[in-house]
Structures are given as C-alpha cells and as structure tokens.
Amino acid sequence: MKDETRFQVFAHIVLIILAFLAIMPMVLMIISSFTDNDILIAEGYKFWPSKWSTYAYEYIFNTGNSVIRAYGVSIVLTLVGTVLSLSLTTMLAYAISKKDLPGRGWITFFIVFSMLFNGGLVPTYIVYTNIFNLKNTFAGLLFPGLLMNAFNIMLMKSYFVSSIPSEILDAAYIDGAGEVKTFFHIVIPLSKPIMATIALFAGIAYWNDWMNGYIYITKRTELYSVQNLLNRMMQNIQFLSQSSSNVQNATAGLAAIPLASVRMAMAAVGILPILVMYPFVQKYFVKGITLGGVKG
Amino acid sequence: MNSKNTRKRRLIRYWPIYIMALPGLIYLFINNYMPLPGLVLAFKKYNARKGIFGSDFVGFKNFKYLFATQDAFIITRNTICYNIVFIIVNTVLAIFVAILLAEMTSKMKKVYQCLILLPYMISMVIVSYLVYGFLSTDNGFLNNTILPLLGKEPISWYMEKKYWPFLLTFVNAWKVIGYNSIIYISTILGIDKGIYESAAIDGASKWMQIRKITIPLLKPTVIMMTLLAIGRIFYSDFGLFYQVPQNQGSLFAVTNTIDTYVYRGLLELGDMSMSSAAGLYQSLVGFVLILGANFLVRKLDKDSALF
C-alpha cells in the first residue's frame, strides 16, 4: 500500500529528527568536555572543536575531593534511599491491597489525601528544620519528599490486587503460614517486575534530586550530591578552587582553572550513571508508566 | 457481612500487616501531615523566637499585603499561563509522537523511543547546563555559531525577557514528550486492529484512518490527562523555572511562578509572611482544582480517577 509506505517514511524522518533533537544537547555537552578550554572560550561550544583535550577530566579527578566526594554522596544516597523507599512502599501497598483488612478504607484515604493537600514548602521546611533538625545532615537529603510517594504506593497496590491471586494467599494461610511468611515467600518473589519498576522510579528521583540538598544543606559542603555540586558551581565559579584540598594547586592554578570545559565534564560525569543504566532499565520504566496510567 | 467475630479474627490474623504498614504511615504523617498546622503561619507574623504558634496573629494582613503587590498577579499569571501552554503543546506533541511510534513497523522504533525518552531521565540542573551550552552570552552555541551563520548579532539571552516563554516551553516539551507519549501509545496499542482493517477495505487512506479512528479513540485518555493536568495548574516545575533561567532577576517578570516565589521568599529574602501566604493560597486553590478535576474524571471513567 503506497499510503502505508508514505506514512512509514514520514514517521521515520520525523522520529529521526526528534531523536536527534533529544540527544543533541547532551552530545554537545560531552564534546565540550573534551574540548581544549582556551578554544572553548574563544570559539564557544561547538560540535566539532578545533582542539581536543582531556584536561578537564584530568583536572576533576586530580583535584580530588569535591567531585569524587559528591559522587560518593549521590551513590550512597541513591542506594539507601531506593532500598528504604522500596521497602516502605511495598509493605504499605501490600497492606492496603488486602481487601478484607479492617480499616483499609481509612488508611487508603490517609494516603490519597496526602497527595491532594500539601502544606507547601514553608511549613515542611519548618517541620524538618526546627522539629527534626535535619539541616546539614545526610537525613536531610534522604527524608524530605522522596522517601515515599502516593503514586508509587497506588501503582504497587494495583499490581498486588491484579497480579497476585488471593487464592494463593488463602492457600498459604490454610497451610499455616503466617502473614509475614506469606509476604516474604510468596508475594515478594511474585512481585519482582513491579519492585524493579518502583526501585527504578525511586532511584532516578534520588539521583536527580537537587532540591533537598539545595534547601537543607547550607554549611556542610561535603554532603553535596553531584547535582548540588553542579548547581553550586554554576552559581559560584570560585567554588572549585576554594574547595580543593590541594592548597598549592588552588593558589597557583587560579589563573589557569579551565572553568567552562571542567563544568561540562562534571555535568557529563553527573549523567553518566543514568546514561549507562538507561538502555537496560528503559523497558521497566515504560512498563511502569503504562501500568500507572492505565489502571486495572 | 462483617460480624464482630470475623472482624476480630481478621484483626488477629492481620496484626503483622499493620506493623508492616506502620513505617510508611509514619513517614507520610511526618512528611505530609505534620506540616499542615504550619499553614497557620499565613495568618501570623512570624517571629523565630516565638515559634509558629507563639507568633502574633495578624489575620488576613499577609494576604492583603501579598495581593496588593504586582507580584501576586505576575506569579499567578505566569504559573497558569505556562501550564495552559504546556498542556496544549505537550498534549499535541505527545499524541503526534505516540501515533508515529505506535504505528511504526520497523524495529527502529524502540531506538527512537529510547532516545526521545532520555531527556526525561536527567535532572533539571543538568538541563540548565545544556541550555547554558546554547545560550551562554560569550560561549554559547547560538551566539558563536548559529547567529553568525544567519548574519545576526549575539543576544544576551539571560537578560532578555521576551524569548523565555518560548524557551521554557521548548525545554519543557523537550523533556517530557517521551514520557507523555507513553500513555497514549499504550492506548493506541489497545485499539482493535480489525477496525483499521475494515476501514482500509472501505478505501480509507492512512491519514483518514488516523483522523477518524485513532484520534477519536484517544479522546477519553486525552481528556483524563488534561483534566488531571488542570488539577495541578497552580503548581509548576520548580527546577524548570528556577534553574534553567539561572535565577536571573532580570527575567523574573516572565519566569517567576508561585513555587519560585515561595522559595525565594523563604530562603533568599527571609520574608516568611509573603511566602507562607502564597503557599497557603497555592495549597487551597490547588486542592479545590484537584478535587474538581478528579470529580470530572470520575464521571467519565471511574477507574481512571485518582480516588
């Protein structure tokens, strides 16, 4: 059918253009990070610079502290956050998936209402700062906002309700298994796909988060995640030289700090884990969104 | 029939379940419910020494003050207008991409979807760097390569207000198209192929098939997504409006939204009264809108509603 072919060709062309637009900025950034800094200043960001250089990356990994440390913070935060988030979400979602749980309606309302009406930034900030003293602590990166959200809970609950037949659970109960045993030996093994999806959502949220660090970390710069570091750098060009533990380097190298290309290199390093993991996990991500949008 | 006996039996059987649910519920309580009483700050003149509840009650003075300024109008206008534009642009583009991806037969479609979805995965801080790579006055790709090619003078992008509504819409669309299209793709994939086949037999062209079959069948999904988006019309993506314009004061008239205003009030200016008033304003209107939107979605398709 000529009609169909025309459509396919059109679709290919359009999608190639869109895919190109999607990744072009990132390609530019990566290329800039490998560009000699003087050329970068003189000619600007280009897709084909006249002079290549790996100086920016050498610089990052030699000045030590800030970048590697921020990476460490981000990794630990993401791992801890994802594990905690997954645990809390799974347990709560399982609880409300049980149709005959007394009080289920109230608990569900409690969860859903939290999605609707929010205290907003000011009261939340006051609670975390004054009551829990999370300012400038690792907990300040971990807890606010990200540990659990109602969307993930509902998503998991839908999965439990639709994919784990109550017959299996009842059979386990009749066989004498307690609820905890049933949860760990039956429910969890059956829930691997949804757990992977939720872990993915949580992991990405934690890796990409910059707000918690921005709001709650004001003094202890060693707690900066990669995103916070990038953020502060963009704001304060001097930060890099000041935070370097190598004092000689700082004073002597101030004149020669390759700002532009180093910044791009750090940004490239900031998205590296995402780029690496992405092809493998994309399938789960798409599945998760589809599940979430098309209920039941 | 829940006789007291069975209920008690269920409680006994399920007590570990309640323990399991407890950590999550405690977190929700701390994160979402404990801040709620803090909303009264909007009606008080905050004094750090006196704390929230010790501070003086000033009634609606904060609100009078807030709405007397130009700011309230600007941030509300910006938040709502951007959201309206975003809803329209993003929906049209998402549907467009969804139809192309869903109908494509080649294996390349997985690659395309993968790439188009990638921008969604990166943080707004990185996005602000990417934008900077293009818009930097001295080094940016636009000023150094593209504009000279077109014979134009460099532009001070971060100082000129007029480009930013377009820039922000473009960046936002770039980021979310892949994500938004997913739900439409799954709807299209759910359409019975037989309908298309009979239409083809009746002589309908591809374009006519799309116009008369695909798009009408997408309508329920579109309406649902749009209603949910309208429910959030008082909220904005803080990262987009704060990071991408590099927090430049010269651009505030077109980049300040309710969220950025509250943030700046709280953490940059120390103006608790205005930011808490704006915060409450947002929470209340947002709540009413979400309830309303959900109510309408419920009427259309009970399963799609949030609750």
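A:Asn231 touches A:Trp210, A:Tyr214, B:Val125 and B:Gln243, leaving aside residues up to four places away in sequence. Touching, or contact, means heavy atoms within 4.5 Å. A:Asn231 sits in helix α13 (residues 226-235) of chain A. Its relative accessibility is 3%, so A:Asn231 counts as buried. Buried means under 20% relative accessible area, exposed over 50%, and partly exposed in between (1.4 Å probe, protein chains only). Helices (H or I, at least four residues) and strands (E, at least two) are DSSP runs, numbered from the N terminus.

This is a predicted model: local features need pLDDT of at least 70, side-chain atom pairs count only at pLDDT 80 or more, and totals for chains, interfaces and linings use all residues. Residues are numbered from 1 along each chain as its sequence is written, chains are lettered from A and ligands numbered from 1 in the order in which they are written, and side-chain values use heavy atoms, with hydrogens and water left out.

**Chain A overall**

- Chain A has 16 helices and 0 strands.
- Of its 296 residues, 53% count as buried.
- Take the contacts in chain A with a separation of 6 or more: residues 24 or more positions apart account for 71% of them.

- The size of an interface is often given as the accessible area lost when the parts come together.
- Chain A and chain B bury about 9200 Å² between them, and 75% of that is on carbon and sulfur atoms. Buried area is the accessible area (1.4 Å probe) that two parts lose on being put together, summed over both.
- Chain A brings 101 residues to the contact, and chain B brings 96 residues.
- The rule finds 2 salt bridges across the interface. A salt bridge is a side-chain nitrogen of Lys or Arg within 4 Å of a carboxyl oxygen of Asp or Glu.
- The side chains of A:Glu179 and B:Arg13 form a salt bridge, at 2.8 Å from N to O.
- Helix α1 (residues 2-33) of chain A gives the most to the side of chain A that touches chain B, with 20 residues.
- The residues on that side of chain A are 74 nonpolar, 17 polar and 10 charged. Here Ala, Val, Leu, Ile, Met, Phe, Trp, Tyr, Cys and Pro count as nonpolar, Asp, Glu, Lys and Arg as charged, and the others, Gly among them, as polar.

- In α3 (residues 61-68) of chain B, B:Asn62, B:Phe63 and B:Leu66 are buried.
- They cover an arc of only 95° around the axis, which puts them on the same side of α3(B). The arc is that of the directions from the helix axis to the C-beta atoms.
- On the other side of α3(B), B:Lys61, B:Lys64, B:Tyr65 and B:Ala68 are exposed.
- The buried residues of α3(B) pack against β1 (44-47), α4 (70-103), α13 (258-268) and α14 (272-300) of chain B.

**Helix α13 of chain B**

- In α13(B), 9 of the 11 residues are buried, so this helix is largely enclosed by the rest of the structure.
- Among the buried residues of α13(B) are B:Asp259, B:Tyr261 and B:Arg264.
- Just after α13(B), B:Gly270 takes a positive phi of about 70°.

**B:Ser55**

- B:Ser55 lies in strand β2 (residues 55-57) of chain B.
- B:Ser55 is buried, with a relative accessible area of 3%.
- Leaving aside residues up to four places away in sequence, B:Ser55 touches B:Lys44, B:Lys45, B:Tyr46, B:Asn47 and B:Lys50.
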